Amino acid sequence: MKHTKKLASLLLTLVMVLSMGITAFAQKVDAEKGGSATITINNASKGETYEVYKIFDATYNNDTGAIAYTYNGTLPANSYFVQDANTGAITATDAAKDSEGFLNKAATDWVMNNLKGDPVASAEADGSKLTFTGLEYGYYLVTSTHGTLVAVNSTQPDAVMNDKNYEVPFWDPEGGKTIVTDGSTTADIDEANIGDTVNFRLSIITQNFTKENDNPIAYYTIGDNFPDGLDLIAINSVTVDRTPVDYTPTGNGFPITIKWADENGNSLYNTDANLVVNYTARLNDNAVIDGDGNENTATFTYGYYNPENPDDPTPGKETEEDSAKVYTYALGFKKVSDEGTALAGAKFQLPFYVKEAPAADGAYIYAGIEEGEGLTNTLTTTDTGLIVIKGVEPGDYEFSEIKAPDGYNKLDGPFTVPAARTGSSTTTTVITRYLDEDGNVTDVESDIRVTYEEGNISITDLGVVVNKTGALLPATGGIGTTIFYVIGAILMIGAGVMLVTRKRMSK
């Protein structure tokens with residue numbers, strides 16, 4: 001879901017500008033029009049450009065407070081303002097007012113499209129109160145690149161406005177909580193081996209003000225709830241619009257707090273700024289194998305500047321959560337005879353290392369491709385004939401038999417086993433290159449299903465690796481005198497045959 005850009009130059013308000021006192025800590029911009037009137041925007045948002053347009057002239061009676069508006073020229077036909085043909089005086093119709101007496105959106109849109117003209121003053125806000133000075137009395141339109149409408153009573157004589165239509169801060173629709181999978185590529189889901197490092201990113205579209213409080217946002221606090229299968233390694237960076245900023249961690253990790261306004265309530269960063277946190281975590285031995293994955297959830301909160309006590313901000317509301325998942329899988333096979341009997345004593349070479357001692361569920365835990373203490377890259381089957389390894393990425397893994405069970409032929413080549421998704425998922429594989437009863441290499445296709453429930457791993461409809469017994473060979477032992485008896489018997493039989501033959505010939 002893409003973030004819809006705010007429309008530039010929507011109306012802030014139409015205000016009657018009158019003389020007023022200048023608030024402390026205000027950013028002052030002289031319009032240089034020779035007047036004594038001012039406009040102050042209490043919550044002018046840092047980085048936004050504000051433009052002031054004079055719509056109507058005004059006269060003001062200091063004794064009675066009476067205000068009279070005039071328009072220099074003929075007012076275009078409309079439903080919102082009436083111009084006296086003789087005096088040029090302007091009055092607003094009921095159609096121009098909302099239920100509270102403010103100028104409604106339809107009327108302000110008409111002003112925007114028909115009377116705006118050129119700005120008499122403009123300024124980029126620095127995060128403090130923004131005051132335009134040196135203005136003549138008049139009815140003014142104030143716009144902002146922020147694009148939101150401020151509801152201010154246009155008849156108030158102090159000409160102070162508050163923007164009441166800021167959005168609340170929100171997770172970046174293009175990726176709030178994500179996993180960085182390849183350089184700058186992000187995703188909500190990743191697949192990893194146990195022991196792998198996973199790179200997370202949080203992205204928030206900030207605001208300096210919200211509707212619920214006239215004071216600026218003073219801080220943002222970001223948290224992340226790690227499951228048992230993930231350990232935080234480090235918070236690598238915290239940036240606002242790609243510029244590194246200071247933050248306060250809790251211990252060595254989350255939650256972290258970023259200061260957003262100074263001691264005078266002036267915003268430190270532009271509104272709509274992108275607040276990004278990059279951090280790494282490691283998938284550990286407690287990782288969930290497939291199922292619902294290893295999900296961790298991030299949150300952020302914010303608080304408002306408190307002018308009565310700047311050191312004690314007013315808490316704001318907590319945002320919705322956003323999460324990402326890391327999946328890891330298992331693989332396995334069963335060593336059997338040609339009759340389907342499980343075989344112990346078959347030793348296999350692995351394409352990686354595992355921990356020497358299996359986990360409580362009987363499965364071995366993936367430990368990477370580098371050798372180390374307590375690791376092995378060979379496994380021998382027990383009476384179950386099973387070898388199960390958990391914590392691997394998807395893919396096909398090649399195994400080789402380096403010792404067959406006693407009385408059986410060793411496989412003459414490697415075979416492949418895929419990492420299978422557990423639960424209800426079934427993966428089909430081809431187990432290749434084992435010897436059949438005639439000594440021929442043959443292929444077999446079989447389903448693998450690895451199920452992990454409540455700490456127990458089992459394999460059903462398993463891809464089996466079959467060992468065949470050898471062909472029956474003669475018994476062994478010394479020949480002794482047997483050979484002489486055999487030869488003697490052959491000679492005696494031959495002599496008898498010759499004797500009978502000669503007698504027949506003599507007759």
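Predicted model: local features only at pLDDT ≥ 70, side-chain atom pairs only at ≥ 80, totals over all residues.
The largest nonpolar core contains 34 residues, and Phe 200, Ile 222, Leu 275 and Val 277 are the members that touch the most others in it. Seen by element, two or more residues of this core come from each of the strands β16 (197–205), β17 (217–225), β18 (230–240), β21 (253–259), β22 (274–283), β23 (294–304) and β25 (322–327). The greatest contribution is that of β22, which supplies five residues.

Residues up to four places away in sequence being set aside, Val 277 touches Phe 200, Arg 201, Leu 202, Ile 222, Ile 235, Ser 237, Val 238, Phe 254 and Ile 256.

The open sheet can be considered next. Its four strands follow the order β29-β27-β31-β32, with antiparallel pairing. Because β29 (375–380) and β32 (415–418) each have a single partner strand, they stand at the edges, and one side of each is left without a neighbour in the sheet. On average, and with direction ignored, neighbouring strands of this sheet are turned by 45° against each other.

One pairing at the end of that order may be followed in detail. Four bridges join β31 (residues 396–403) to β32 in the antiparallel sense. On the β32 side, Pro 418 is the bridge partner of Asp 396.

Methods: Residues numbered from 1 in each chain as written. Heavy atoms only, no water. Pairing = 2+ DSSP bridges. Axes fitted to C-alpha atoms, helices over the stretch in contact; angles between N-to-C directions. Core = buried A, V, L, I, M, F, W, Y, C linked by side-chain atoms within 4.5 Å. Buried < 20%, exposed > 50% of the residue type's maximum accessible area, 1.4 Å probe, protein only. Contact = heavy atoms within 4.5 Å.
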